[in-house]
Amino acid sequence: MQKKHIKIIIVAGARPNFMKIAPIIKEIKKTNNISYMLVHTGQHYDKNMSETFFKDLSIPSPDFNLCVGSGTHARQTAEIMVRFEDVLLNNKPDLVMVVGDVNSTLGCSIVASKMRIPVAHVEAGLRSFDMSMPEEINRIVTDRISDILFTTCEDANFNLMKEGVDRKNIYFVGNVMIDTLMNFASEAKKSSIHRRLNLSNKKYALVTLHRPSNVDEIESINQILSALQEIQKYTTVVFPIHPRTRQKLAKNKIYKKNIKSSMIFTEPLSYLDFLCLMMRSAFVITDSGGIQEETTVLSIPCLTVRNNTERPVTITCGTNTLVGTSKRKIVAEARKILNNEYNKCGKPMLWDGSSAKRIIKILSRIDYSRFYKR
Ligand code: UD1
């Protein structure tokens with residue numbers, strides 16, 4: 001039997017979660033049979049890793065902030081679980097919604113599942129098949145215990161079915177991150193970031209790096225920094241620095257000796273400033289998952305400094321190229337782009353700005369009684 005009114009707890013904790021929840025909350029507000037409470041785990045807590053995103057994307061203040069902060073994976077996930085359990089005990093939602101693949105996603109889905117509260121996972125089924133990535137572990141465990149799996153692409157549907165997930169629990173809805181990009185693209189164009197950094201259209205490469213496998217490994221970070229040093233002979237390089245990367249670079253000899261003064265380094269940027277920079281860049285070099293997707297939709301060439309991606313559709317259909325971490329390969333691919341030789345773009349199916357609408361339509365109609373019998 002279908003429930004009349006559904007109370008959802010939505011979880012967000014780290015920077016890439018915020019652009020995923022924004023369009024979902026916006027759609028919930030238009031319904032009269034779904035209400036929500038927002039939990040911010042506090043995994044990211046710096047103003048420019050969290051608060052500016054709430055402001056830029058008009059996300060209402062969280063109902064709960066668990067203020068877990070940083071720590072080892074076990075400590076951070078454990079804190080999230082202990083504090084989230086209290087929220088669930090006191091509020092008894094009909095559904096917990098988690099997004100993405102961060103430690104907050106994992107911790108909260110485990111707690112809800114053990115309390116027999118149905119879990120919906122937005123961005124389910126992505127697989128890098130690289131178990132050395134903490135996110136891959138988070139994705140696999142979250143999907144295994146989720147009841148409703150919202151996917152962004154057909155390969156995710158296929159991955160889930162291969163792992164034995166019941167087809168009727170998989171909903172291919174497209175990409176909510178792209179909903180946000182489309183909702184805010186015209187606002188982002190008004191950003192003054194180019195004036196502030198003294199940049200001209202298409203005359204710079206934009207860089208982001210934060211993965212432990214790149215920035216914590218001395219051999220990888222040195223190869224990438226040497227590549228950037230070479231690339232900045234051909235074009236300006238702009239590098240907003242993630243807090244983890246800042247800590248690592250502070251101790252790095254190549255950075256201190258050759259790079260620090262020759263490239264444009266900034267603090268992590270707000271959503272609108274970063275989107276504006278991305279839209280007008282010549283190309284992007286990144287190890288982020290979300291940026292591979294955003295550049296695909298924007299038709300901006302993207303060099304991903306990893307050996308694999310859980311988002312292969314950005315390569316088969318989009319502008320993404322995997323370049324690993326060798327200086328030679330990174331520089332060679334950057335030069336190809338500067339010579340106008342790169343993957344031209346198509347748009348993956350259902351990355352059309354209406355994914356949150358689809359999610360809310362499904363959640364309004366779904367028969368929740370099948371989950372309560374578990
Ligand atoms: C996390 C996610 C990663 C995501 C990334 C986006 C996990 C396992 N990883 O990685 O998937 O792509 O967010 O940024 O969940 N720090 C600050 N201020 C902050 C947050 C972090 O200074 O607001 C520093 C702390 O020293 C912290 C380190 O950055 O230890 C790493 O933060 P953490 O949340 O553990 O992982 P990320 O590398 O940000």
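Trainee: How many aromatic pairs does the structure hold?
Mentor: Heads-up: this is a predicted model, where local features need pLDDT of at least 70, side-chain atom pairs count only at pLDDT 80 or more, and totals for chains, interfaces and linings use all residues. Residues are numbered from 1 along each chain as its sequence is written, and side-chain values use heavy atoms, with hydrogens and water left out. Rings of Phe, Tyr and Trp (its six-membered ring) pair if their centres lie within 6.5 Å; planes under 30 degrees apart are stacked, over 60 edge-to-face, the rest tilted. On that basis, the number of aromatic pairs is seven.

Trainee: What kind of pair do Phe184 and Tyr271 make?
Mentor: Both residues, Phe184 and Tyr271, are buried (under 20% relative accessible area, 1.4 Å probe, protein chains only). Their ring centres sit 6.3 Å apart with the planes at 80 degrees, so the pair is edge-to-face.

Trainee: And what kind are Tyr368 and Phe371?
Mentor: Tyr368 and Phe371 are both buried. Their centres are 6.1 Å apart and their planes at 70 degrees, so this pair is edge-to-face.

Trainee: Which residue in β7 is the bridge partner of Leu149?
Mentor: Strand β6 (residues 148-151) pairs with β7 in the parallel sense over three bridges. In β7, the partner of Leu149 is Ile170.

Terms used
Buried < 20%, exposed > 50% of the residue type's maximum accessible area, 1.4 Å probe, protein only. Pairing = 2+ DSSP bridges. Helix = DSSP H or I, 4+ residues; strand = E, 2+ residues; numbered from the N terminus.
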